[in-house]
Amino acid sequence: MRIIMLALFARGARALSAVPAAARRLQKIKELESKHASLVASGAKPAVIRNARKELGRLKRMPPPVDGVESAVATFYGFFAVEEPSVVVARLRAALEEDGLVLGSVSVASEGYNGALAVPVERRTRLAQTLSNAAPELWPTEEDAIKALNWDAQPTRSSPFHRLLVKEKKRALVDGFEEPLDWDDCGAEVPPEAWHDEIAQPGATVLDVRNTYESDAGSFAGATPLNTSTFVESWPRLDEALADVSRDEPVHMFCTGGVRCVKAGAYVKQKLGFTDVRRLEHGVVAYERWAAGSGESRFEGENFVFDKRVDAVEAPVMSDEDLEARPP
Ligand SMILES: *[C@@H]1O[C@H](CO)[C@@H](O)[C@H](O)[C@H]1NC(C)=O
């Protein structure tokens, strides 16, 4: 009897250690969530419910465990009409949950989608496959998913995200507008190499469409920061930053992965009447990849990304709300 139990235990332990800590943690969070829900449903004592909620909260706030499994982080977005976001969300969520090693968040809205996901490095190609299989409305072919995935130049020690959230949202990126603008009319994308030359032209107008804590960590030499703490504060700041710029002069703008510049570019074109808006293609992340290959860079300091914040011992951990308010 004892021998059998030992054998079972050994097998269980081996199976457990083969699963990366980030995935185990996700599993644990799910367990605690359903424990909490069933305590609430069964009318347990308030103190018992409170304790269960606290335990769940603690786990969610904890930095993700270091696995020795390197994570690759990709952001991605697309703006076009999505017919039934809730249907797409259900399929995408099921596929990513089944994969089991994907953490991060994806928002799908009728205006498009926006997300950031982390996977163990060797799973990169598989992610594109999973995405296009699950949601051909967003990525008709695997090739489309490969093109959309904007991978960080460097993998991280472990996943910067705590859990997987796939949600239907009113907007793919919260902007504060009553009515959406035409997101197709948002200016031209400039690849990193051309961007590198263009922003060095004397008198170039270069706007940093990120928040203050990002601009402070590092930026392109000569760029004007918008001094925002969240993206929705951008509009009056763009008015201000461009007040003295002639409407037919080129306006260069950049953000971390490119999604914010779609909306900022549309605003500057459609609301402010600028004719020549140029957005850094795939943002600072793509410029960093280019700079690593070319050995040249006009970016000074650090590109602020979530994983660096999570890595820093004293830094607070990004919550789901933070991710929404401070998009890539
Ligand atoms: C943000 O602050 C910097 C430094 O004070 C300033 O140079 C810049 O013009 C400000 N940006 C805007 C849009 O007002």
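**Whole chain.** Begin with the entire chain, bearing in mind that this is a predicted model. Its secondary structure comprises 13 helices and twelve strands. Of the 328 residues in the chain, 39% are buried. Among contacts with a separation of 6 or more, 73% join residues 24 or more positions apart.

**Helices α4 and α5.** Next, select residues 85-99, which form helix α4, together with residues 124-134, which form helix α5. The two axes come within 9 Å and cross at roughly 150 degrees. Angles over 145 degrees count as roughly antiparallel, and α4 and α5 are therefore roughly antiparallel to each other. Their crossing is right-handed. To display the contact itself, show Arg91, Leu92, Ala95, Leu96 and Asp99 on α4, then Thr130, Asn133 and Ala134 on α5. Coloured by class, the residues of this contact divide into four nonpolar, two polar and two charged.

**The ligand shell.** Now centre the view on the ligand and select the residues around it: Thr224, Pro225, Leu226, Asn227, Arg237, Glu240 and Ala241. Which elements each supply at least two residues of this shell? They are β9, at residues 224-225, and α9, at residues 234-241. Helix α9 gives the most, with three residues. By class, the shell contains three nonpolar, two polar and two charged residues.

**Asn227.** Stay at the ligand and pick out Asn227, one of the shell residues. Asn227 is located in the loop between β9 and α9. Most residues other than glycine have a negative phi. Asn227, although not a glycine, has a positive phi of about 60 degrees. Is this residue buried, partly exposed or exposed? Asn227 counts as partly exposed because it has 15 C-beta neighbours inside 10 Å.

**His282.** For the last stop, move to the loop between β11, residues 277-280, and α11, residues 283-294, where His282 is found. His282 also is not a glycine, and has a positive phi of about 60 degrees. How many other C-beta atoms lie within 10 Å of His282? There are 26. A residue is buried if 20 or more such atoms surround it within that distance, so His282 is buried.

Terms used:
Residues numbered from 1 in each chain as written. Predicted model: local features only at pLDDT ≥ 70, side-chain atom pairs only at ≥ 80, totals over all residues. Axes fitted to C-alpha atoms, helices over the stretch in contact; angles between N-to-C directions. Helix = DSSP H or I, 4+ residues; strand = E, 2+ residues; numbered from the N terminus. Parallel < 35°, antiparallel > 145°, perpendicular 65-115°, else oblique. Left-handed = near helix turned anticlockwise from the far one by under 90°. Contact = placed C-beta atoms within 7 Å. Nonpolar A, V, L, I, M, F, W, Y, C, P; charged D, E, K, R; others polar. Near = placed C-beta within 6 Å. Buried ≥ 20, exposed ≤ 12 C-beta atoms within 10 Å, placed from the backbone.
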